[in-house]
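Colleague: I'd like to learn how to read a helical model step by step. Could you walk me through this one?

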Amino acid sequence: MSIQQQVYKILSEILEIEVNDTTNISMQTCEKWTSLAHIDIIMSCEEEFGITFGQDDLPLIASQEDLVKKIIELAQ
């Protein structure tokens, strides 16, 4: 499973919606993506990929695209 697919799976489970290549959800477009859900997403991704987001990264991750890009950057 690719990083992108793993992220979509995490988002789908936490937000309880279908997330895939054709969706482009963000904190602004998904009412289920609350600040508490954001913390769950970040923690789940850190655990899944063995990475740690910096404090400066957290406010910059506001969409599924942002999340995938940052994980790919940190996983290298």
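This is a predicted model: local features need pLDDT of at least 70, side-chain atom pairs count only at pLDDT 80 or more; totals for chains, interfaces and linings use all residues.

Colleague: Is M27 buried, partly exposed or exposed?

Modeller: Buried needs under 20% relative accessible area and exposed needs over 50%. M27 comes out at 30% relative accessibility, so it counts as partly exposed. Leaving out residues up to four places away in sequence, M27 touches W33, T34, H38, I61 and A62. Its C-alpha atom is separated by 9.7 Å from that of A37, 10 residues apart along the chain.

Colleague: Now the helices. How does the span of α1 agree with 1.5 Å a residue?

Modeller: Helix α1 covers residues 3-15, and its 13 residues should span 18 Å at 1.5 Å a residue. The end C-alpha atoms are 18 Å apart, so the two values agree. For α3, with 12 residues, the reach from first C-alpha to last is 16 Å, close to the 16 Å expected.

Colleague: Which residues of α1 are buried, and what covers them?

Modeller: The general idea first: an α-helix has 3.6 residues a turn, so residues three or four places apart point the same way. In α1 the buried residues are Q6, V7, Y8, I10, L11, S12 and L15. Their cover includes α2 (35-49) and α3 (64-75). In α3, Q64, L67, V68, K70 and I71 are buried, with α1 and α2 among what covers them.

Colleague: How should I describe the packing of α1 with α2?

Modeller: Two packed helices are described by the angle between their axes and the distance between the axes. Here the axes of α1 and α2 come within 10 Å and cross at roughly 145 degrees, and the crossing is right-handed. On the α1 side, the residues that meet α2 include I3, V7 and L11; on the α2 side, they include A37, I41 and C45. By class, this contact has 10 nonpolar, 2 polar and 2 charged residues.

Colleague: And how many residues does the largest nonpolar core have?

Modeller: In soluble globular proteins, nonpolar side chains tend to be buried together. The largest nonpolar core here has 20 residues, and those with the most contacts inside it are L11, L15, C45, F53, L67 and I71. The elements giving two or more residues to this core are α1, α2 and α3. Take C45: beyond its neighbours within four places in sequence, C45 is in contact with I10, G50, I51, F53, L67 and I71.

Terms used
Residues are numbered from 1 along each chain as its sequence is written. Side-chain values use heavy atoms; hydrogens and water are left out. Helices (H or I, at least four residues) and strands (E, at least two) are DSSP runs, numbered from the N terminus. The expected span of a helix is 1.5 Å times one less than its number of residues. Buried means under 20% relative accessible area, exposed over 50%, partly exposed in between (1.4 Å probe, protein chains only). Contact means heavy atoms within 4.5 Å. A nonpolar core is a set of buried Ala, Val, Leu, Ile, Met, Phe, Trp, Tyr and Cys residues joined through side-chain atoms within 4.5 Å. Axes are lines fitted to C-alpha atoms, for helices over the stretch in contact, and angles run from 0 to 180 degrees between N-to-C directions. A crossing is left-handed if the near helix is turned anticlockwise from the far one by less than a right angle, and right-handed if clockwise. Ala, Val, Leu, Ile, Met, Phe, Trp, Tyr, Cys and Pro count as nonpolar, Asp, Glu, Lys and Arg as charged, and the others, Gly among them, as polar.
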